[in-house]
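Look over the sequence and the structure below before reading on. The briefing then takes up the chain, the contact between copies and the DNA.

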2 protein chains.
Amino acid sequence: MAEPLKKDVPRAERGEGFSKRQCEVLDAALDLLVSGDDRLSMSAIARTANCSKETLYNWFGDSDGVLAAIVRRQASKVRMPADVGEGLDLADLRQRLEVFAIDLLTVLTGDMSVALNRLAIGHAGSAKSTLGSIVLENGRFAMGRRLKPLIEAGQQTGLLSAQDNSETLFRTFFGLVVRDVQIRLLLGDKLPKGRASISAEAAQATSQFIQLYSISTTNARIRAI
Amino acid sequence: MAEPLKKDVPRAERGEGFSKRQCEVLDAALDLLVSGDDRLSMSAIARTANCSKETLYNWFGDSDGVLAAIVRRQASKVRMPADVGEGLDLADLRQRLEVFAIDLLTVLTGDMSVALNRLAIGHAGSAKSTLGSIVLENGRFAMGRRLKPLIEAGQQTGLLSAQDNSETLFRTFFGLVVRDVQIRLLLGDKLPKGRASISAEAAQATSQFIQLYSISTTNARIRAI
DNA sequence: GAATTGCCGTACCGTACGTTACGGTACGGT
DNA sequence: ACCGTACCGTAACGTACGGTACGGCAATTC
């Protein structure tokens, strides 16, 4: 009697790389998820991606493996570590913060972000799923890592207060930028986000953050009072 | 041949009131949801609530009806409209804001809020479910309505800037208070929230909000620059 | 050119769930 | 005493899904 031939490494685990065909399948699955018509199922993925379910299981192990692969695939597509220049002044800082805020709001209000976060949140409740931590790591935490150099540069240059650590500063900035937008979108609130309103909100959040944490002569006077 | 005797109003729709027994069932269902062991099903609800599935269908129509009833039942339990006193000074305002922030963080970090929001978010994607709007209406929007009188009183008293409307002020305060806490909890991040850290964060958020929007002589001087 | 491999398409199995139906019980009204 | 109502417990049905198995086809390898 032959052994079931257990495949130890079913999913493609060479680094984070997926083959070309695998990427096609994962992208099709993501489209299906974003469109949100059907409740994402293995059969539906196989149907729309023109592949067989057996292949899905061979590549990704099981259903959760497919979902995790979708998230990891998407995460691997958004890599942009911004480098901090040398002569950093307040205008530079403000502009970089504002660009970051615009990026953040643009991503968060996108259909893809909403769909992926919904998926991960739905699976975060019922045990043993690592989807939540994957999304967290490549979403919120990646954003923190991306902005942290700028914040710390601002602190070391003396532009930003160094009384709180950079993590605290980032969380405050995050709150000022995101506000209730993400939770409202996740809950299905319409909330038409044009490019204009995103820019406006990003600018306001940046101004507020700088007002809270920048060390100017006027601010120093305030703190001294 | 007898007609199927279609029941036009299956769920208890006298206002928002549920009978005593119905409340027991809904609370049991909520416990089941919060515990998060099983994926909330009609059978599981009937089992733990010691009622029959037929009764569930008679009372609430269908599966979504039960879920909506759970949310509405829970929403009806947290009604606390704070009234704004007369002689409002900055200390009063600060303290009321801080209390509100503590309340908000306490609720949002609770198991029940996380479970209900997860449920609603999970159903917000796939069409025709009103769960999301119900949670939104009784969560985020109810909070806005609750704080708005205080904010507007602060504006009319001249303590808070009236350049932005009260909704904008609330959204900023919401962002400063909640930051990334809710999304991290929804995604399954542990994030041990003691009563102490909640108080600390609420106090910080309140200070920051006041720093941004309070109209004091010092702040007026800043804005003038 | 035969064998192997990788994949598609489809059929199939077991399970879990939503929904309905049925038998039995408790209780208030007449 | 009798009936209607409301409810519980359980069984049953249809469906949808996760997962597996098999046949066929094309490309690659030997």
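How do the residues of the surface near DNA strand C divide into nonpolar, polar and charged? They divide into 3 nonpolar, 8 polar and 8 charged. Here Ala, Val, Leu, Ile, Met, Phe, Trp, Tyr, Cys and Pro count as nonpolar, Asp, Glu, Lys and Arg as charged, and the others, Gly among them, as polar. A residue is near a strand if its C-beta atom, placed from the backbone, lies within 6 Å of it.

This is a predicted model, in which local features need pLDDT of at least 70, side-chain atom pairs count only at pLDDT 80 or more, and totals for chains, interfaces and linings use all residues. Residues are numbered from 1 along each chain as its sequence is written, while chains are lettered from A and ligands numbered from 1 in the order in which they are written.

**Chain A**

- Chain A has 12 helices and 0 strands; helices (H or I, at least four residues) and strands (E, at least two) are DSSP runs, numbered from the N terminus.
- Of the 225 residues in chain A, 38% are buried, where buried means that 20 or more other C-beta atoms lie within 10 Å of the residue's own, exposed means 12 or fewer, and partly exposed is in between, with C-beta atoms placed from the backbone.
- Among contacts in chain A with a separation of 6 or more, 66% join residues 24 or more positions apart; two residues are in contact if their C-beta atoms, placed from the backbone, lie within 7 Å.

**Helix α4 of chain A**

- Helix α4 (residues 63-77) of chain A has 15 residues and reaches 22 Å from its first C-alpha to its last.
- That span is close to the 21 Å expected at 1.5 Å a residue, the expected value being 1.5 Å times one less than the number of residues.
- The buried residues of α4(A) are A:V66, A:L67, A:A68, A:A69, A:I70, A:V71 and A:Q74.
- These buried residues pack against α1 (20-35), α2, α3, α6 and α7 of chain A.

**The two copies**

- The contact takes 36 residues from chain A and 36 residues from chain B.
- On the side of chain A that touches chain B, the elements giving two or more residues include α6 (111-124), α9 (166-178) and α11 (195-213).
- The residues of this side divide into 15 nonpolar, 13 polar and 8 charged.
- The copies meet through the same surface, because 100% of the interface residues of chain A are also interface residues in chain B.

**The DNA strands**

- DNA strand C is surrounded by 19 residues, and the closest are A:C51, A:S52, A:T55, B:S41 and B:S63.
- The largest share of the surface near DNA strand C, 4 residues, comes from α3(A).
- Around DNA strand D there are 20 residues, of which A:S41, A:S63, B:C51, B:S52 and B:T55 come nearest.
- For DNA strand D, the largest share of the nearby surface, 4 residues, comes from α3(B).
- The surface near DNA strand D divides into 4 nonpolar, 8 polar and 8 charged residues.
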